[in-house]
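The sequence and structure are shown first, and the description follows.

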Amino acid sequence: MTEKDEDASAVSPPRPGGALRDSLRRRFDPKTIKQDASAGTVLGIESIPDALANGILAGVNPMAGLYSYIFGLAGGAFFTGSAFMAIGVTGAMALVVGDTDLARFEDPNRAMFTLTLLVGIVLIIAGILRLGKLVRFVPTAVMTGFVAAVGINIILGQLSNLTGFAPNEGGRILNTVATFRYLFDISLWTTVVGVITIALIVLLSRTRLGALGMVVGVVLGTLIAFLLDTFLGASVATVSDIADITPGLPFIGIPDFGAIIALSIPALSLAFVAMIQGAAVTASVSTHGAGPRRVSKDFIGQGAGNIAAGLFQGMPVGATMSGSTLVTKSGARSRTALLIASVVMAIAVMFFSRAVGVIAMPALAALLMVVGWSAVKPEKVRSVMKTGSFQTTLMAVTFVLTLIIPLQFAVLVGVGLGIMLFVAQASNKLTVRQLNIQDDDSVRESDPVRSLKEREVVVLQPYGSLFFASAPTFENQLPKITRASKSCVVVVRLRGVDEVGLSLINVLRRYAERLMAQGGTLKLVISSEHALGQIDREGIPDLIGPENVYMGSEWLGRATVRAYRDALVSVQEPEDSA
C-alpha cells in the first residue's frame, strides 16, 4: 500500500454498522469469555430452582418463571446501564402477579404475558423520561415495611406446599391460621422433606458453595422425597404434578388487548416495584455510580427484559439483587456472563425438562421460605424505629396493609404514604428567620419578632420549600399584626425561590392587606424572573406598589439592603416632616 493509500484509509468513513459492532464489543468483551462462562454457568444453574419457585409463588405454570428468566436476562443484558444487573423473576413481583387473580380472565396465560408487556412499556417510558430521580422520594420506612411484609407473605404463601395441606380460607393469614388449626391434616412426609430442605439450604449456603448451596439443598431435598416414595411409598408432590412440563422454548405469544385496562393497575404496581428494586441493585453493582441518569437507564434495561419475557410468554421480571450479586462475586467481567446464564437455562429447558418436572414441591417451598426470611431485615426495622414514632408508625402501617390487602394496591398505598410523608416533612422543615442589617450592611440572623411595633422595619428570610403545603407554616411564623403595628414595613426576601405557588401568593396578599390596614407596607425581594412573573400575574405589585418589589442580582444582599434602607426612610418621613 502506498503512502497515499494509507492516508486515504486513515480518513475513510467508518463502515456501516461499525459503531454498533464497537458498542457490542465493549459491552460483550470476547477477551473475558473464560471468566464470563464460569460466572454465567453458576448464575444459570442457581436461577433454575429460583425461577421455578417464583413461578409457583405467582400461581402460574412454573415454566413461565423459567421462560421469564431466560428471555428477561438476555433482553436486559443489551440495554441496562449497569453491566452486571441480572433481570429475572423476583419474589415481590411474583406475589403481585399472584394477587392479580389472572384466573378471572378467559385465557390466564395470555393475560399473564400481556401484563408482562405492559410492565415493560411502563418501565421504558419511565426510563426515557428519566424518572430515576423520583425513586429517592420513597421513604425508607415505607420500603422497609413493604419488603418485610413481602418476606412474610412469601413464607405464609408457601405453607401449603411445605406441608401438603392447602386450606382455602380466602387469604394467606387465614390459611395460615387454618393450617395450625388442622395440624393433623398436614402430610407428614411432605413436611419432613420441606423442613430438611430448609436446614440443608441454610447450612450449605454458609459453606464454600455460597448461593449454589440453595441449588444443592433443593436437589438433596428432591432426592429425599424420591427415596421416601421408593422405599416407604410416601407420595410427595413434584412440579410435574401441578403443571405441564414441556421441553423446548415457547413461541411468540399474541397479547390479550382486551385485558389491557383491567391489567393497568397491576402493571403500574409491578413497574414501581421493579423501579425500587432496580435502584437498589444499581447502587449495589454499578461501577459508574448510581445517579438518577444511571438508574433511569437501568429502567430501560428492565423494560427491555420484560418486553423480551412477555413476547415469549413469560411473567413480569425485574432486577434481582441475588442474581446480580452472584454473577459479580462469581468473577464476571462483562455482560457476556448474563447471556451465558440465559443459554444455560435454555439448555436445561430444552434437554432436561424431565429433571425439572421431578423437583419436589416442598423443596421449592423451602427455597422460597428461606428467601422470604432473608427479606425480613431486623437491623433495618430497628434502624427505622430509632428515627422516631412517626417513621415507625409509617413502617407499621405499610407492613400491615401489605399483609392484608392485595399487593398491587398495597404498593400504590405505599407510594401515597411516601408522598404524604414527603409533603409533611417538607412543610414542617420551613423556618422563617429575621435578618438584622447593621450600619455597615453586615447581617445577623435571629428569631423573628412575635409581633410588630409601631414604625418597625423587619426583614424576613424563609428557609425551606415554599410550596402549597408549607404555606400555612410560613404564615404562622410571620410576625403578628396588631393595633399597635402602625406604619410598619416588612421585607420578605425570597432569594432562591423559583416557584411561587398560589397558596404562598395568597398568604402574601393577606399579610400585605393586614399591614396596609395599619398604614404599613410589604416589600418583596425576588431573584427569579419566573417567580416575578407569577406574582405579577396575580396582581401583587399592583396591591403593594411596583416600587416595593425589588429584583435581586448576582450580588448577594444588595437588593435586600436597598429595600431595608428605603423602608427606614419611609417610616421616618412623617417625623422628619413634622
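Val-384 has its place in helix α19, which covers residues 378–386. The model described here is predicted. With a relative accessibility of 6%, Val-384 counts as buried, because the limit for that class is under 20%.

Leaving out residues up to four places away in sequence, Val-384 touches Thr-140, Ala-141, Thr-144, Gln-391, Thr-392 and Met-395. Ser-235 stands 149 residues from Val-384 along the chain, and the C-alpha atoms of these two residues are separated by 46 Å.

## Helix α18

Helix α18 is formed by residues 361–375. Its 15 residues should span 21 Å at 1.5 Å a residue, and the end C-alpha atoms are 21 Å apart, in agreement with that value.

Of the 15 residues of α18, 11 are buried, so the helix is largely enclosed by the rest of the structure. Among these buried residues are Met-361, Pro-362, Leu-364, Leu-368, Gly-372 and Ala-375. The cover over the buried residues of α18 includes α3 (33–57), α7 (140–157), α8 (159–163), α10 (188–205), α11 (212–232) and α12 (239–242).

Helix α4 runs over residues 62–77. The distance from its first C-alpha to its last is 23 Å, close to the 22 Å expected for its 16 residues at 1.5 Å a residue. Burial extends to 16 of the 16 residues of α4, so this helix is largely enclosed by the rest of the structure. At its N-terminal end, α4 is capped by Asn-61, a side-chain oxygen of which lies 2.9 Å from the backbone nitrogen of Met-63.

Two aromatic pairs are counted in the model. In one of them, the ring centres of Phe-71 and Phe-312 are 4.2 Å apart and the planes meet at 10 degrees, so the pair is stacked. Phe-71 belongs to α4, while Phe-312 lies in the loop between α14 (292–311) and β2 (318–319); the pair therefore ties together parts that are 241 residues apart in sequence. Phe-71 is buried, with a relative accessible area of 15%, whereas Phe-312 counts as partly exposed at 23% relative accessibility.

A ring is also involved in another arrangement, in which Arg-558 lies over the face of Trp-555, at 4.2 Å from the ring centre.

## Nonpolar cores

The largest nonpolar core contains 95 residues, and those with the most contacts inside it are Leu-43, Val-60, Leu-66, Leu-102, Val-327 and Leu-364. Helix α13 (residues 264–285) supplies the largest share of this core, 10 residues. Apart from this core lies another, of 30 residues, among them Leu-452, Ala-531, Ile-535 and Val-549.

When neighbours within four places in sequence are set aside, Leu-43 is in contact with Leu-73, Ala-86, Gly-323, Leu-326, Val-327, Leu-338 and Ala-341.

## Residues with positive phi

Asp-441 is not a glycine, yet its phi is positive, at about 70 degrees. Asp-441 is found in the loop between β3 (431–437) and β4 (443–446), and is partly exposed with a relative accessible area of 38%.

Ser-487, a residue other than glycine, has a positive phi near 55 degrees. The loop that holds Ser-487 lies between α22 (471–477) and β6 (489–494). At 25% relative accessibility, Ser-487 counts as partly exposed.

Conventions
Residues are numbered from 1 along each chain as its sequence is written. This is a predicted model: local features need pLDDT of at least 70, side-chain atom pairs count only at pLDDT 80 or more; totals for chains, interfaces and linings use all residues. Side-chain values use heavy atoms; hydrogens and water are left out. Rings of Phe, Tyr and Trp (its six-membered ring) pair if their centres lie within 6.5 Å; planes under 30 degrees apart count as stacked, over 60 as edge-to-face and the rest as tilted. Helices (H or I, at least four residues) and strands (E, at least two) are DSSP runs, numbered from the N terminus. Buried means under 20% relative accessible area, exposed over 50%, partly exposed in between (1.4 Å probe, protein chains only). A charge sits over a ring if NZ of Lys or CZ of Arg is within 6 Å of the ring centre and within 35 degrees of the ring normal. The expected span of a helix is 1.5 Å times one less than its number of residues. A polar contact is a pair of N or O atoms within 3.5 Å; within protein, one must be able to donate a hydrogen and the other to accept it, and residues adjacent in sequence count only if both atoms are side-chain atoms. A nonpolar core is a set of buried Ala, Val, Leu, Ile, Met, Phe, Trp, Tyr and Cys residues joined through side-chain atoms within 4.5 Å. Contact means heavy atoms within 4.5 Å.
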